[in-house]
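Have a look at the chain below, and we'll walk through a few spots in it together. We'll go from charged pairs to strands and end in a loop.

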Amino acid sequence: MSTIYRWGALSRTLLFTFCFLLSVTLAFSQERTGTLQGVVLDPAGATVPNATVEVTSSSLLRPVTATTDNGGGYLFGSLPGGLYVVNITAPGFRAFKAASVAIQVGRTTRIDAKLEVGQVAESVVVSGEGAAVDTATNVISANITADIYDRLPKGRSFDTLIALAPGARAETKGGGYQIDGASGSENVFIIDGTEVTNIQTGVLNRQNKTPIEFIGETQIKSSGVDAQFGGAIGGVIAATTKSGSNNFHGQASLYLESDALNAGPRRTLRLNPNNDDVAEYFQNSRDGYRSLTPGFTFGGPIKKDRIWFFLGTYPQFERTERAVTFLSNNTKGVYQSKVRQDYTIGKIDFAPTNKLRGSFSYMYMPTRTNGLLPGREGTDAFSNPWADRGSRQPSTSYQYQADYTATSRLLISVFGGRQYNNNKDYGIPGGTRYTFVNSNRTLPATLPVPSNLLGSTGNFTPNNQQTVQDIFTRNNVNTVASYLFTAGGQHNIRGGWSINKLSNSPVASTWPDGYIRLAWNLSRNALTRPGSFRGPYGYYINRVFATTGDVSSNNQGLFIQDQWRVNKKLTLTLGLRTEREFVPSFSDNKSIPSKAITFNWNQKLAPRLGFAYDPSGTGKMKIYGSFGRYYDIMKYELPRGSFGGDKWKDYYYTLDSPNFFAIKPNPAPNSNTGTLPGTLIETVDNRIPSNDPSNPLVDPNLLPVRQTAYDFGYDYLFEGGWVAGVRYTHKQLDRTIEDVGILTSQGEQYYITNPGFGYSIDASKFPKDYPKSVTPKAKRNYDAVEFRLERRFAKRYYVSSSYTVSRLYGNYGGLASSDENGRTSPNVNRYFDEAWMSYDNKGTLVEGRLATDRPNTFKFFGSYDQKWKGGTTRIAPFLSAYSGTPITTEVFVSGVPVFTNGRGDQGRTPFFSQTDMLLSHDFPLKREGMRVRFELNVTNLFNQATVTNKYTSFTHTNDGGINFDNTGDIFKGFNVANEMKTQEIRRDPQFGMGSAFQGPRTMRVGFHFFF
């Protein structure tokens, strides 16, 4: 009782404190701008109060001014990225001017001025170029400005240079960009202060992959993240869009991609469609492909120094043509699919007064697909009306912001936006979907099949799965403020509040006329009762599936942070963040509460502490470190699947006759009615709701996902602008949330819990013969030492290189599952679906190097400009070289994969290397400011085809795996070979063969006119 009282008192005290701070300085969250601050001193080193500081820039609507406080300090807390001029004047002193001051998103730039005695009319001019070593921060980040995008090989969207950031690289098995060991579903993506991360999976949608022509700057925070950022245990990727200026500028472009420019496709590993005892590589044919992306941007003044506009559109038109020979009837057809992806932006910036600035932007990003393509292997149904099929993904967003300079020491901002995405299919054919798990062409003579019913593995009739709608919306409201004062040094206090409202309304993934899966001449090893069952011809499944619901939720954040410059050498960052969130229920059962999980303020206290120390005080070196705790904001994948959104039941029947068309399921929702011949073997409910009060499966002591991070590093600036750095980082996952399953007579049911805690180790929740504390704690430890050498673009070249030695160890890859080749199903992956998944065949808990562990990684980005009479030629390579990833044998045991030999028993994939290249040339035109550019972006220049994954399932995919009547026996140990022989389980012939390969070489040609 006393503990509860103390927590309640603490939470009330924290809430009162934050509310009080907000009444003085409203504040919050996402990175949109940079900060300029400093101290003005006289020749004797005393502070100069009431000095006037004015900053101007082509990035700024109108000049802004501030007056130094009693400690000589000044602050400009919300400046758009760009180059600035800083003018400082005070009576009795010569004017001070700093030119080319670089302001970057999410960074603090310091300009300290030492004034000289004299007349104001006289001036002292210095170079204020942003220091290559930011001695005031412990944040590990990379800022990518528009000129860097121009100079490096990249894709078409702002996220394609994330690999520039420390500890970041693209990992297919990690579900996207892996940053300091975190998976792709653990990052946060922000555009103009509004989060655009996928609400369900935590990745970045295609619609939100904003073209680089719209982006002014992107910052990738890897570690040491400030207290204003929440909802990410990975990286924070924040982009700001471009604005107009006092002059009219723009560009017109055309990008071309074509199969004629690309290398041929890789092979596909498969079982022979007519004989599943044979593994083979299918050589995919080359599709006819063309992608055209015309577009323009244009910006300028509506009223100089008051209102600017920026417009842009870059629609992408893709056309793919494919010739396929269908295995079902040996018929060849040619099919075409057209995809149009629109990206359009309109933005207004305004400054009605010297103290108030704001902006409003709108983006339109729908995707339209006309015509679907059958698979190259010919295993789809010929009768599918491919040309009539298609989909629509409407997508829009808007962002707004207002910055108010209340006093020279206080800045207040309000910003936010709305994001809307939907997905819907059209052209869906009628009729039941019949698909073959394996071929019936090679059945024994004792099992005759009429010729019109013979088929290979795959769809015998069209896959008519349909999404009627799947609407996601996100609404953000944020407040931001900074307050500067002097007390034992200079303090920049920030604090704030945000609310993030989410909603989802799906009617998705249904088969309106039923779905039948046929397993020819195979037996069903039942999960819900002992034994193996079949009819004369095998068995079939009547699958009933749909996702429905109409839900909403919100999460709120509060934070306070002090960036305290103790003296010229030492800066401390002292921050605290907390959040409140709830997770909705999708169930339409009114007896089930609408809130399935709630985390209160006292459960998500996140300290963020750091220091930065410049031993010399010259700005050329920095020793830094940080400690932080980070919490995830839960995605909708778990509530959709576990709280009533998904309805998924499989009804297994004996297949007594080859005439499968006699199987006619009733299309009614959640129905197992109709004409369903044979004997019912079992019913498996794959989506038993976990939040039903009559069978409560959500751990009442559930705690949010949390990660703890430590960083220490050293940076040094050499002559010529070279910066060398070394960093050690340790990140450990303290706990996660996952579904922990057990088998019941109805199918699998799942506890929603923290593995290693609560329900997951409660012996009463599992069969009596299971080990004590059966579920291990989810473990992921990342340790790395990174060496960096960088040089900003100067004297015609730019260099960014790094070498990292790391170890990623544990039993849990993250919210995107590297054990499932990058599956992005946060909190409901397969790690703990059954208790024995965490044990090997000797009954020992399994830990080891995780599936995206790469002990050695090297990255080199470079750019070199050569000017000559014909213009400027640029060559820019990106070289990457990585260790291979661990390969682990999987054996299916009672329905789930088990690492019977421990992790990494099959060694690693081969060493990986790749070279990308940008070649471009700018032709200057006679009119000033105009030029033409031709460019060629090449991915995988040398067309390397390294194996990036291997097939790991030892038990045959069509045989159901090893079964134990008493699953408690699994923990006692077992002999895989003996069990497979006894239960007539075949070894999968694909085992150990390369299943994924490095992507083929691709090229993109670009033509640009700048004006």
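Arg-577 counts as buried, at 4% relative accessibility (buried means under 20% relative accessible area, exposed over 50%, and partly exposed in between, with a 1.4 Å probe and protein chains only). Its salt-bridge partner is Glu-579, with the closest N and O atoms 2.8 Å apart; a salt bridge here is a side-chain nitrogen of Lys or Arg within 4 Å of a carboxyl oxygen of Asp or Glu. Glu-579 is buried too, at 4% relative accessibility.

Before going on, a word on what you're looking at: this is a predicted model, where local features need pLDDT of at least 70 and side-chain atom pairs count only at pLDDT 80 or more, while totals for chains, interfaces and linings use all residues. Residues are numbered from 1 along each chain as its sequence is written, and side-chain values use heavy atoms, leaving out hydrogens and water.

How many salt bridges does the structure hold? There are 49. One of them joins Arg-270 to Glu-377, whose closest N and O atoms are 3.3 Å apart. Arg-270 sits in strand β18 (residues 267-272) and Glu-377 in the loop between β26 (367-370) and β27 (390-393), so this pair ties together parts that are 107 residues apart in sequence. (Strands, E, of at least two residues, and helices, H or I, of at least four, are DSSP runs numbered from the N terminus.) Arg-270 is buried, with a relative accessible area of 12%, whereas Glu-377 is partly exposed at 24%.

Arg-931 and Asp-922 make another such pair, with their closest N and O atoms 3.0 Å apart. Here Arg-931 is partly exposed at 27% relative accessibility, and Asp-922 is buried at 12%. Elsewhere, salt bridges link up into a network whose members include Asp-180, Asp-711, Arg-727 and Glu-790.

Now for the strands, which pair if DSSP finds at least two bridges between them. Strand β33 (residues 469-486) runs antiparallel to β29 (residues 410-421), and twelve bridges join the two. Gly-416, for instance, has Val-477 in β33 as its bridge partner. β33 also pairs with β34 (residues 490-508), again antiparallel, over 15 bridges, and Gln-469 stands opposite Val-507 there. β33 and β34 form a hairpin with three residues between them, and Gly-488 in the turn has a positive phi of about 65°.

Last stop: Asp-959, in the loop between β61 (947-950) and α4 (976-982). Is Asp-959 buried or exposed? Asp-959 is buried, with a relative accessible area of 10%. Apart from neighbours within four places in sequence, Asp-959 is in contact (heavy atoms within 4.5 Å) with Leu-522, Asn-525, Glu-984, Ile-985 and Arg-986.
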